[in-house]
Amino acid sequence: QVQLVESGGGLVQAGGSLRLSCAVSGRTFDRYAMGWFRQAPGKEREFVAARTWNGGDPNYANAVRGRFSIVIDNDNNMAYLQMNSLKPEDTAVYLCAIHYGVGAFSFPTAYDYWGQGTQVTVSS
């Protein structure tokens, strides 16, 4: 089976930057997509970003486009979410997920395995 572990969350001031990491282990895979989602208290799980294994055609939510970027390191089984110009409304638990197949989907039901999440808090 597959295990995903996020790290890199923390407390930052508005306007700051943070890089989240997602380590994938336990299974060999070929074609896949990595997705980042976030969930704030009382809110639905929200799509943030996704990218296919070959790094092409990233998919970003409007709320983060231009500020966040998703990177996949196939050789090291890692995915990253670089977050710049952070805003208080970015505060949430951030989760990474993997979808086996083709397509950088924005809906969570497309994803097969999920990490437990890492907390990101942005102060005003």
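Reader: OK, so a disulfide is a pair of cysteine sulfur atoms within 2.5 Å. How many disulfides does the structure hold?

Author: The structure holds 1 disulfide. Before we go on, this is a predicted model, where local features need pLDDT of at least 70, side-chain atom pairs count only at pLDDT 80 or more, and totals for chains, interfaces and linings use all residues. Residues are numbered from 1 along each chain as its sequence is written, and side-chain values use heavy atoms, with hydrogens and water left out.

Reader: Got it. Which cysteines form the disulfide?

Author: Cys 22 and Cys 96, with their sulfur atoms 2.0 Å apart. The angle about the S-S bond is 65°, and the link is right-handed.

Reader: And which strands do those two lie in?

Author: Cys 22 is in strand S3 and Cys 96 is in strand S9, so the pair ties together parts that are 74 residues apart in sequence. Strands here are DSSP runs of E with at least two residues, helices are runs of H or I with at least four, and both are numbered from the N terminus.

Reader: Are those cysteines buried or exposed?

Author: Cys 22 is buried, at 0% relative accessible area, and Cys 96 is buried at 0% too. Buried means under 20% relative accessible area, exposed means over 50%, and partly exposed is in between (1.4 Å probe, protein chains only).

Reader: What about Ser 21, where is that?

Author: Ser 21 is in strand S3. With 12% relative accessibility, Ser 21 counts as buried. Setting aside neighbours within four places in sequence, its contacts (heavy atoms within 4.5 Å) include Val 5, Trp 36 and Tyr 80.

Reader: Changing topic: how many residues has the largest nonpolar core?

Author: That core has 38 residues. A nonpolar core is a set of buried Ala, Val, Leu, Ile, Met, Phe, Trp, Tyr and Cys residues joined through side-chain atoms within 4.5 Å. Leu 4, Trp 36 and Ile 98 are among those with the most contacts inside the core.

Reader: Which strands give two or more residues to it?

Author: Among them are S3 (18–25), S4 (32–39), S5 (46–52) and S11 (118–123). The largest share, 5 residues, comes from S9.

Reader: Tell me about Ile 98, what does it touch?

Author: Ile 98 touches Val 2, Leu 4, Phe 29 and Tyr 111, among others, not counting residues up to four places away in sequence.

Reader: Next up, rings! How many aromatic pairs are there?

Author: A search of the whole structure finds 6. In one of these, Phe 105 and Phe 107 have ring centres 5.2 Å apart and planes at 45°, so the pair is tilted. Rings of Phe, Tyr and Trp (its six-membered ring) pair if their centres lie within 6.5 Å, and planes under 30 degrees apart are stacked, over 60 edge-to-face and the rest tilted. Phe 105 is partly exposed at 27% relative accessible area, and Phe 107 is partly exposed at 42%. Then there's Tyr 111 with Trp 114, centres 6.0 Å apart and planes at 65°, so that pair is edge-to-face.

Reader: Which cluster are Tyr 111 and Trp 114 in?

Author: Ring pairs link Phe 37, Phe 47, Tyr 111 and Trp 114 into a cluster. Tyr 111 is buried at 6% relative accessible area, while Trp 114 is partly exposed at 24%.

Reader: What sits over the ring of Trp 114?

Author: The charged end of Arg 45, 4.2 Å from the ring centre. The rule is that NZ of Lys or CZ of Arg must be within 6 Å of the ring centre and within 35 degrees of the ring normal.

Reader: Last one: where is Asp 90 found?

Author: Asp 90 is in the loop between S8 and S9, and this residue is buried, at 0% relative accessible area. Its side chain makes a polar contact with the side chain of Arg 38 at 2.9 Å. A polar contact is a pair of N or O atoms within 3.5 Å; within protein, one must be able to donate a hydrogen and the other to accept it, and residues adjacent in sequence count only if both atoms are side-chain atoms. A polar atom of the Asp 90 side chain also lies 2.8 Å from the backbone nitrogen of Lys 87.
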